[in-house]
Amino acid sequence: MDVSFYETTYMGTLLTEEAFPKYISRAGYKLDELTFARHRKDDLPDSIQTRVNLTLCAIADLLCSADSAAENAPAVSAGIAEEKVGSHTVKYRDAITAEQALASQIKSVATAYLLPTGLLNRATLIVE
């Protein structure tokens, strides 16, 4: 897959040609975790390979967005969200981290594209 697929088939606009290799590579490693690296097989049918490529593009966009957000916004720490003095009430922020939120988004994207392929299945690979 190349930047041409990203721009024409996936219709991505977030990644530059220079940033594309970095984020696609990182996306591949993230997808390894979810597919047990089965998405890297050379003998996948074209229909499944297209879904894999679309997934990689979507994950690459998420990773790029996360990097951009981390650079442009201060980190939100888990801590006290609200405190009331009378009857002493303290509410804490949700302790979910940016990394956990990103992992959840990546899993959702992979599921949306790859669920029908069997690549996310812990059992054997299901091929059309």
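In which helix is the place of L34? L34 sits in helix α2; helices are DSSP runs of H or I with at least four residues, numbered from the N terminus. The model is predicted, so local features need pLDDT of at least 70, side-chain atom pairs count only at pLDDT 80 or more, and totals for chains, interfaces and linings use all residues. Residues are numbered from 1 along each chain as its sequence is written, and side-chain values use heavy atoms, with hydrogens and water left out.

L34 is partly exposed, at 23% relative accessibility. Buried means under 20% relative accessible area, exposed over 50%, and partly exposed in between (1.4 Å probe, protein chains only). Not counting residues up to four places away in sequence, L34 touches I106, K107, A110, L119 and L120. Contact here means heavy atoms within 4.5 Å.

D61 belongs to helix α3, residues 46-72. D61 is buried yet has no salt bridge (a side-chain nitrogen of Lys or Arg within 4 Å of a carboxyl oxygen of Asp or Glu). The nearest side chain of opposite charge, R26, is 12 Å away. Beyond its neighbours within four places in sequence, D61 contacts Y6, Y10, L14 and L15.

E18 lies in the loop between α1 (3-8) and α2 (20-35). E18 is exposed, with a relative accessible area of 68%. D2, E7, E17 and E18 form a negative surface patch. Such a patch joins like charges within 9 Å, from residues with over 30% relative accessible area and no salt bridge.

Definitions and conventions:
Patch = residues over 30% accessible without salt bridge, like charges linked within 9 Å, V, L, I, M, F, W, Y side chains within 5 Å. Areas by Shrake-Rupley, 256 points an atom, 1.4 Å probe, with all protein chains shown as cover. Lys, Arg positive; Asp, Glu negative; His and termini not counted. Charge placed at Lys NZ, Arg CZ, Asp CG, Glu CD. Helix = DSSP H or I, 4+ residues; strand = E, 2+ residues; numbered from the N terminus.
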